[in-house]
Amino acid sequence: MLLSTEPARAEIIEAHKKVKKFVHYTPTFSSKTLNAILGCKIFFKCENFQKTGSFKFRGAINALLSISKYEWKKGVATHSSGNHGAALALAARTKRIPAYIVMPRTISPIKKIAVEAYGGKIIYCEPTLASREETLAKVVAERGATFVHPYDNYSVIAGQATCAKEIFEEIQGLDFVLAPVGGGGLLSGTALSKKFFAPDVKIIGTEPKGADDASRSFRDGTIHPSIDPHTICDGLLAQLSEKTFDIIRKNVDDIIPASEESIISAMRMIWERLKIIVEPSAAVPLAVVLENRKKFINKKLAIIITGGNVDLTKLPWQ
């Protein structure tokens with residue numbers, strides 16, 4: 001059964017036990033050169049090496065494992081512009097059940113190919129939130145599929161919390177953990193893991209200045225909608241939900257935006273220094289460190305590299 005209330009400590013531990021058989025235990029990298037340049041010690045949790053190339057698989061598989069076998073027969077459904085759709089499609093394929101993914105007609109061919117490769121059935125909609133929701137409602141009504149929201153779902157949040165849980169088990173004495181925030185599934189899960197497993201660590205959300213609705217929401221104590229965002233970080237265009245915002249405002253220490261220029265510099269720095277592929281959204285935490293060096297000087301940080309799904313023909317420095 002999908003969780004109906006905010007995940008407790010025991011439920012995150014249980015989620016971790018359930019997903020361990022399906023997810024990769026992703027590595028943590030560090031770079032002496034980057035540490036010297038920035039004057040702090042950074043550990044990168046590399047979820048770009050996770051199945052489907054992003055942390056999203058954790059939440060998707062935990063949600064799928066939380067519904068009944070009777071519900072499995074009718075499949076699962078969601079709306080997605082990319083990573084969550086691919087993650088839910090692969091999660092469904094592990095149990096040989098249908099996955100219906102509502103995607104905008106304008107979706108990039110790369111993301112379409114990924115969803116189809118994992119066995120997802122794509123249903124196209126217009127590139128508006130209203131069209132997404134209307135099309136999804138029709139799919140759910142016709143198929144009887146269980147809707148698995150990309151982030152406004154406590155079982156998804158519990159699954160995302162397992163990433164930070166692994167960080168806290170592996171690395172002691174952290175001062176900060178930094179994670180990107182769009183809809184808030186990862187950041188709220190990270191904040192809950194801090195609450196239960198490492199209460200002295202400060203959690204910092206990070207986002208582009210051109211899509212800074214989360215930092216404004218955090219500052220004002222009310223959800224600001226994401227209206228006409230402008231950023232290369234296409235994975236961070238969603239706005240916070242009631243579930244994610246409630247957890248974030250109670251357990252996150254700050255949300256800091258970064259400029260597009262710093263995001264591109266950080267992305268390139270990770271590619272060159274760590275020798276790994278990361279997407280723009282995953283570079284935002286390092287961009288925040290670049291712009292706020294005094295805040296992090298001599299500190300011990302963990303950064304969650306959220307994904308590595310990037311169109312290699314459209315790199316931002318080309």
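Student: How many helices and strands does the protein chain have?
Tutor: There are 14 helices and 10 strands in the protein chain. Keep in mind that this is a predicted model.

Student: OK, and what radius of gyration does the chain have?
Tutor: The protein chain has 18 Å. A compact globule with 318 residues would come out near 20 Å, so the value agrees with that. The C-alpha atoms fill a box of roughly 55 × 45 × 40 Å along the principal axes.

Student: What share of the residues is buried?
Tutor: Of the 318 residues, 56% count as buried. The accessible surface of the protein chain is about 13,500 Å², and carbon and sulfur atoms make up 52% of that surface.

Student: Switching topic: where is threonine 135?
Tutor: Threonine 135 sits in helix α7, which covers residues 129-143.

Student: Is threonine 135 buried or exposed, and why?
Tutor: Threonine 135 is buried, because its relative accessible area is 17% and the cut-off for buried is under 20%.

Student: Which residues does threonine 135 touch?
Tutor: Leaving out residues up to four places away in sequence, threonine 135 touches Val102, Ile123, Tyr124 and Cys125. A polar atom of the threonine 135 side chain also lies 2.7 Å from the backbone oxygen of serine 131.

Notes:
Residues numbered from 1 in each chain as written. Predicted model: local features only at pLDDT ≥ 70, side-chain atom pairs only at ≥ 80, totals over all residues. Heavy atoms only, no water. Helix = DSSP H or I, 4+ residues; strand = E, 2+ residues; numbered from the N terminus. Rg over C-alpha atoms; globule rule 2.2 N^0.38 Å. Buried < 20%, exposed > 50% of the residue type's maximum accessible area, 1.4 Å probe, protein only. Areas by Shrake-Rupley, 256 points an atom, 1.4 Å probe, with all protein chains shown as cover. Polar contact = N/O pair within 3.5 Å; in protein donor to acceptor, adjacent residues only side chain to side chain. Contact = heavy atoms within 4.5 Å.
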